[in-house]
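Subject: A structure for you to look at

Hi,

I am passing this one on to you, and I hope you enjoy exploring it. Please open it first, and then read on for what turned up.

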Amino acid sequence: MDNSDVRMIYVLLDGVGDLPHPDLGGRTPLEAAGTPALDRMALNGSSGQVISVGKGIAPESDIAVFNMLGYRFAHADYAGRGVIEAVGIGIDFRDGDLALRGNYSTLEGGIITDRRAGRHIQKEDAAGIAREIEEQIRFSRPGIEVVVAPTIGHRVTVRIRSGPPLSSRITNTDPAYSNIGGMGVAKAVGDYMRVEKCLPLEDDAGDTAGIVNEFSQNAMEIMKNSQINLRRAKEGKKELSCILLRDAGNKYPKVTPINKKYGMNFSCIVDMPVEIGIAKVLGMKMYEAGGLTDYEEKARVAAGAMDTQNAIYVHLKGPDEFGHDGDARGKTQNIEEIDKRFFGTLLDSIDSSKVAIVVSADHSTPCISKGHSDDPVPVIVSGDCIRNDGTARMTEEQTKKGSMGLLGGANVVPLALEMIKSQT
């Protein structure tokens with residue numbers, strides 16, 4: 001496969017898909033938002049819809065992004081988000097270690113009152129609690145080592161190392177997600193969630209489940225007595241009461257490098273540990289492009305990369321967090337900001353006769369349910385070489401009628417490349 005003649009900017013808007021919301025007069029945030037740049041792109045291209053992982057699967061971002069980049073895993077072949085995030089932040093990880101994604105969370109009377117402990121946690125508090133756990137935790141048997149590595153906000157990566165190899169075939173302690181063969185799948189949950197007991201999914205995983213439960217119980221006791229939490233309580237901040245664990249993995253993923261897969265130089269602009277981990281695993285060149293909301297800089301760097309790269313994947317985080325918070329108006333405003341600052345700058349910085357733009361999402365995060373869903377997400381392929389199919393806006397309803405039809409996530413990049421090459 002040779003795609004060296006293609007120039008493509010591939011943008012995933014994290015969690016941008018949604019459902020009609022009463023705060024928006026029964027519209028989705030994409031429908032309610034003023035998006036002149038996206039509208040211009042839609043009018044200069046074709047559209048469709050995407051089920052990123054599979055029907056009935058409300059995916060986590062890691063497996064969704066892998067699929068949207070063309071990598072479809074059987075459940076048994078997936079390494080797990082814990083490993084991907086460990087790779088992303090550079091933790092020493094070896095096959096046989098156990099890596100898990102964690103959330104700092106707040107408990108009151110044993111009930112989880114906030115799965116993200118307020119979301120915006122000061123780095124010194126997150127790092128201080130992690131250090132206390134590493135220094136104070138004790139297990140019932142010797143030789144167990146733990147790394148607790150906070151990343152951004154409420155997010156934590158935990159790596160456990162023992163003498164014998166540990167198993168990944170265990171359940172999550174996070175009640176909001178199921179572990180299906182290492183893939184995290186969002187569950188419908190009520191208002192009264194508790195930390196769940198880690199259970200073995202196979203006979204040889206009992207010891208690993210026991211170690212995870214020891215970690216959880218000991219960590220909660222250490223956090224309960226932490227001076228950091230006593231201070232946070234006095235300041236009216238949410239306490240970091242526990243670490244909810246999910247998506248265990250115990251092996252480094254083995255995949256075909258993305259440049260070999262597509263016969264092109266495929267680079268990226270990513271910010272979060274999970275996307276950085278994916279980039280490292282797939283062998284993508286990573287560009288520095290400011291912070292999470294430095295949209296103009298990201299657009300300029302993406303456009304400039306087309307001088308040396310065939311494709312660049314840009315992941316923009318914003319919409320997902322508003323979806324999780326149930327803030328439909330905030331999500332709408334964020335989409336408008338991205339449209340003006342990122343897509344507006346991007347369109348001013350490229351020649352659309354030479355560079356195509358593909359825009360989609362990794363998954364839907366409906367504000368009405370505050371979590372990931374299996375609803376299809378829009379996709380547009382835009383450029384002077386792409387025939388317009390009548391699409392005028394990138395919205396859920398408009399793209400449902402697009403000529404690209406309903407795609408699986410792993411088919412988006414191959415189809416986009418085929419469209420670009422066939423019409424040039």
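A residue is called buried here when its relative accessible area is under 20%. By that cut-off, 59% of the 424 residues of the protein are buried. Please keep in mind that this is a predicted model.

Let me start with the overall build. The protein has 14 helices and 15 strands. Its radius of gyration is 22 Å, close to the 22 Å that the globule rule gives for 424 residues, so the protein is as compact as a globular protein of that length. Along the principal axes, the C-alpha atoms fill a box of roughly 65 × 45 × 35 Å.

Eight strands make up an open sheet with mixed pairing, and their order is β11-β10-β12-β1-β13-β14-β2-β15. At its edges you will find β11 (285-286) and β15 (406-408), each of which pairs on one side only. Further in, β13 (residues 356-360) and β14 (residues 377-382) are antiparallel partners joined over three bridges. To see one of these pairings up close, go to V359, whose bridge partner in β14 is I380.

Helix α14 (residues 412-422) packs on it and touches β1, β2 (45-51), β10, β13, β14 and β15. The direction of α14 makes about 145° with that of β1. Helix α10 (residues 295-305) lies across β1 (8-13), β10 (266-269) and β12 (311-316), and it runs at about 170° to β12.

Finally, a couple of backbone details. D247 is not a glycine, yet its phi is positive, near 60°. Is D247 buried or exposed? Its relative accessible area is 0%, so D247 counts as buried. K370 is another non-glycine residue with a positive phi, of about 60°. You will find K370 in the loop between β13 and β14, the two strands that pair in the antiparallel sense.

Happy exploring, and do write back with any questions.

Best wishes

Terms used
Residues numbered from 1 in each chain as written. Predicted model: local features only at pLDDT ≥ 70, side-chain atom pairs only at ≥ 80, totals over all residues. Heavy atoms only, no water. Pairing = 2+ DSSP bridges. Helix = DSSP H or I, 4+ residues; strand = E, 2+ residues; numbered from the N terminus. Contact = heavy atoms within 4.5 Å. Axes fitted to C-alpha atoms, helices over the stretch in contact; angles between N-to-C directions. Rg over C-alpha atoms; globule rule 2.2 N^0.38 Å. Buried < 20%, exposed > 50% of the residue type's maximum accessible area, 1.4 Å probe, protein only.
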